[in-house]
Amino acid sequence: MSERPAPLHAQVESALRERLDSRDLRPGDLFPSEAALQAEFDVSRSVVRQALATLEAEGLIRKVRGKGSVVAEHREVHRDVRRSGLRLEADSDGRVTTRVDAYDVVPRPDHLVSIPGDRVLQLGRVRSVGGVVLSYIRTWLPADVADVISRDDLTDASLHQLLADRLGRHVVGGHNQVRAVPATTSLADRLGVAVGAPLLLLEGRSVDLDGVALEEFSTWHRGDLAAFDVEAVPPSARDDASHERIERLTRTARELLAELETLR
């Protein structure tokens, strides 16, 4: 028995959704008019309107008086990949919350070459924005961190701020890598996505002011909600900026010295 074709409105909706997913149409772009879509797909106006209504209900497009439908801004959370820790900037005003689902001192895995000792503190945290789960964070730290930071302390809190306040160790940077991975069964359950859904995995190691490794982490972000921001600056531009800053500071120092001479 042959499979029945999808309804016309669903076919039009699927074709339009593909244009959005492929970024052929981006936030702010004017959507094709109803008349243009009728002609393109050779369907009635009611079919087009039903397809557009579905996309609008999902927040993918919005109507603008006098213009028609435009591609809506995608609700996503931006993260600066150059920075350590999870500093999030939401496009919406959603509150960032953290739920701890694992807190154990365990034997140190072999891959944690940067953290000394036979045992480490392993954390598992679920991070949400505006009530929507965004990421799952697995972190390994020296075992003695458990002496000063409890499981309850980490609820809706910044781990790095706690490390600074209670241990005097400030995370200043590290080495990070980003890769695309499919959601495993356990990750899909935690993040509320389908098994195999695309995730953005950020892995890295954070160091303190002395260059000593303080943590290693793996953070899985929902691929449909997270965006990583990377500012690409060529080395020559950085060198020029550093040179200009040195020159500016030198001029300021000379002016201060000259001013001090007049006060003697």
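**Close-up views of a predicted model**

**View 1. Leu52 and its contacts.** Leu52 touches Leu16, Phe31, Glu34, Leu37 and Ile61, leaving out residues up to four places away in sequence. The model shown here, and in every view below, is predicted.

View 2. The largest nonpolar core has 14 residues. Val12, Leu16, Phe31 and Leu52 have the most contacts inside this core. Two or more residues each come from α1 and from α3 (45-57). The largest share, five residues, is given by α3. In soluble globular proteins, nonpolar side chains tend to be buried together.

**View 3. Helix α1 against helix α3.** Two packed helices are described by the angle between their axes and the distance between the axes. For α1 and α3, the angle is about 50° and the axes are 8 Å apart. The two helices are therefore oblique to each other. Their crossing is right-handed. On the α1 side, the contact is made by Leu8, His9, Val12, Glu13, Leu16 and Arg17. On the α3 side, Val47, Gln50, Ala51, Leu52, Thr54 and Leu55 take part. By class, this contact has seven nonpolar, three polar and two charged residues.

**View 4. Helix α1 against helix α2.** Helix α1 spans residues 8-21, and helix α2 spans residues 34-41. Their axes come within 12 Å and cross at roughly 110°. That angle makes α1 roughly perpendicular to α2. This crossing is right-handed. Val12, Ala15, Leu16 and Arg19 of α1 make the contact with Leu37, Glu40 and Phe41 of α2. Five of these residues are nonpolar, none is polar and two are charged.

**View 5. Ser69 in strand β2.** Ser69 is found in strand β2, which covers residues 68-71. Is Ser69 buried or exposed? Its relative accessible area is 12%, under the 20% limit, so Ser69 is buried.

**View 6. Asp42 between α2 and α3.** Asp42 lies in the loop between these two helices. Phi of Asp42 is positive, about 55°, although the residue is not a glycine. The relative accessible area of Asp42 is 70%, over the 50% limit, so this residue is exposed.

**View 7. Asp156 between β7 and α4.** Asp156 lies in the loop between strand β7 (132-142) and helix α4 (159-167). Phi of Asp156 is near 55°, a positive value in a residue other than glycine. How exposed is Asp156? Asp156 has 44% relative accessibility and counts as partly exposed.

**View 8. The whole protein.** How many helices and strands are in the protein? There are six helices and eleven strands. Of the 264 residues in the protein, 34% are buried. Take the contacts between residues at least 6 apart in sequence: 56% of them join residues at least 24 apart.

Methods
Residues numbered from 1 in each chain as written. Predicted model: local features only at pLDDT ≥ 70, side-chain atom pairs only at ≥ 80, totals over all residues. Heavy atoms only, no water. Axes fitted to C-alpha atoms, helices over the stretch in contact; angles between N-to-C directions. Helix = DSSP H or I, 4+ residues; strand = E, 2+ residues; numbered from the N terminus. Parallel < 35°, antiparallel > 145°, perpendicular 65-115°, else oblique. Left-handed = near helix turned anticlockwise from the far one by under 90°. Contact = heavy atoms within 4.5 Å. Nonpolar A, V, L, I, M, F, W, Y, C, P; charged D, E, K, R; others polar. Core = buried A, V, L, I, M, F, W, Y, C linked by side-chain atoms within 4.5 Å. Buried < 20%, exposed > 50% of the residue type's maximum accessible area, 1.4 Å probe, protein only.
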